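Colleague: I'd like to learn how to read a structure like this one. Could you walk me through a few features?

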Amino acid sequence: MSTAIARHRQAHTAGEPVIEVSGLHAHYGQRQILFGVDLIVKRGEILVIMGGSGSGKSTLLRHLVGLEQPTAGTIKLLGQDLHDLPPLEAMALRRQMGVAFQGGALFSSLSVAENIKLPLREHVRLDEKTMDIMARLKLEVVNLAGFGDLMPSELSGGMLKRAAVARAIVMDPKLVFFDEPSAGLDPVVSSALDNLILRLREAMGITIVVVTHEVESAFKIADRIAILDQGRVLAVDSVKAIRSSRNQRIQNLLNRVAEEEQIEPAEYLRRLTGTPATPDHASI
Amino acid sequence: MFESVGRGTARALDEVGFAASLFGQSAFWFALGSRRRQPVRAGTIFAQMVQIGSGALPIATLLSATIGIMLAIQSIETLRLFGAESFAYIGIGLSITREFSPLIMGILLAGRSGSAIAARLSTMTINQEVDALRVIGISPVRFLVAPSLIAMLLVLPALTMWANLVGLGAAGLFVSASLDLSFAAFVTDTIRILTANDLLQGLGKSFLFALLIVLIGVVNGASVKGGAEGVGAATTRAVVQGIAAIIVTDMIFALLIAL
């Protein structure tokens, strides 16, 4: 990594807290998922939350974006607690954040451009032409220029995710959340999405929280990584520190996932189809 | 066994509570949404009305004509035993306006639109579209439920009136043909015995049925579990519960009126 970027990251990570989570306990029904999570996300940084399945990372994200109410503890976004605010102020806070869901979660009955315009339509009074221009600009940011008239069902998985990013940033938010951006994508598309996340931070100074289980992607984009394990934060540190951590559970997590990714193409094909990758010429 | 009965009861109560809260919230958004800068949009309501109503019109016409003729056949047959077949119009007029039009139209829309509402909502829930709405700051009740509810409350009574017209017309044609009466005579007779009260009874029921169809569809759609199979299960439940609720409510309504 060049020193200029390193310095840039340094400057960003020195920012004030944008998200403050303290003592967060969460339940689904009777089952406790999170046990007293404390976490701080600083202005302008990319924080990656990592953990295996069942670690509670999705639950943590749902709490961060205000979809669930904590059993105990507080979550402050930009200094305010979403659950304590009166409706209109909660709405104003929501306008400052965007969420890119795992499968895109575009509204299937609306075209891509209409999807992107929906937050504008609901939150601000703009004429149709201005909204068109804004939608087109955001589509250009995510490299989907010219795809606005298509329906979500006509897009590929990677395009859906990028369109969802365009919708998440259309209100020029200060804070954007990504849920498993690489899930279900091939390495090339996944890497392009990582670049998009980095570009958003560089160009728009957005604070970004990414939940993922992909080690490679996490190392590439993160300023800091928070490791979640069995509902507790195991460590929050720089990529370098996490990589060289002596903690056995962290190493297990990093290595297990890494092993899964380093499958030989032939082996991958074999697992995928259940047939030998090398065709049996003798049988032809 | 007791445990499963208990759990079933708790779940049913939960769902009734959820339905009541959905109704309350829909009413809230309809009345006060624009003050919160979140109006229930007329365009969405209209689109829903077209979807619910226009598609159902041909089959609604066919069904109500069939019911009218069927009633005419049975009434003439039974009354002939007493030589009173010329009074067939009384039974036909009252049962079509009070019972059959709202009931058949209710069942039709429970099958057509109740299932569509459940399927749409459960798919949206699974695809996290409902989460996306909430994160954007749009109340899903205001955006998805209220328009369907209002549209259904307008369309089902309108369809019921249409069914009255078609059903009585078809019955009239059959009666006048088989009893050698003029159609005009059937019409005057029917108008003479029908009171506004009879029509209002039918309309009142159709309002109630509209409420049941949408709320049952939404409750089942929103509480979907699992993936694609979940959508199928939610849709089936919505239709079965919707039709059952309509028939039971109809009976209770008739009982209360009779008392």
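Modeller: Gladly! Two residues are in contact if their C-beta atoms, placed from the backbone, lie within 7 Å. Residues are numbered from 1 along each chain as its sequence is written, and chains are lettered from A in the order in which they are written. This is a predicted model, where local features need pLDDT of at least 70, side-chain atom pairs count only at pLDDT 80 or more, and totals for chains, interfaces and linings use all residues.

Colleague: How many residues of domain 1 of chain A are in contact with domain 2 of chain A?

Modeller: Eight residues of domain 1 touch nine residues of domain 2 in chain A. The bounds, from an automatic or database domain assignment, are 3-96 + 177-271 for domain 1 and 107-172 for domain 2.

Colleague: Which residue of helix 6 of chain B is buried, and which is exposed?

Modeller: Helices are DSSP runs (H or I, at least four residues), numbered from the N terminus, and strands are runs of E, at least two. Buried means 20 or more other C-beta atoms within 10 Å of a residue's own, exposed 12 or fewer, partly exposed in between, with C-beta atoms placed from the backbone. In helix 6 (residues 183-193) of chain B, Phe186(B), Asp189(B) and Thr190(B) are buried. They lie on the same side of helix 6 of chain B because they cover an arc of only 95° around the axis, taken from the directions from the helix axis to the C-beta atoms. Ala184(B), Thr188(B), Ile191(B) and Arg192(B), on the other side, are exposed.

Colleague: What do the buried residues of helix 6 of chain B pack against?

Modeller: Helix 3 and helix 5 (140-179) of chain B.
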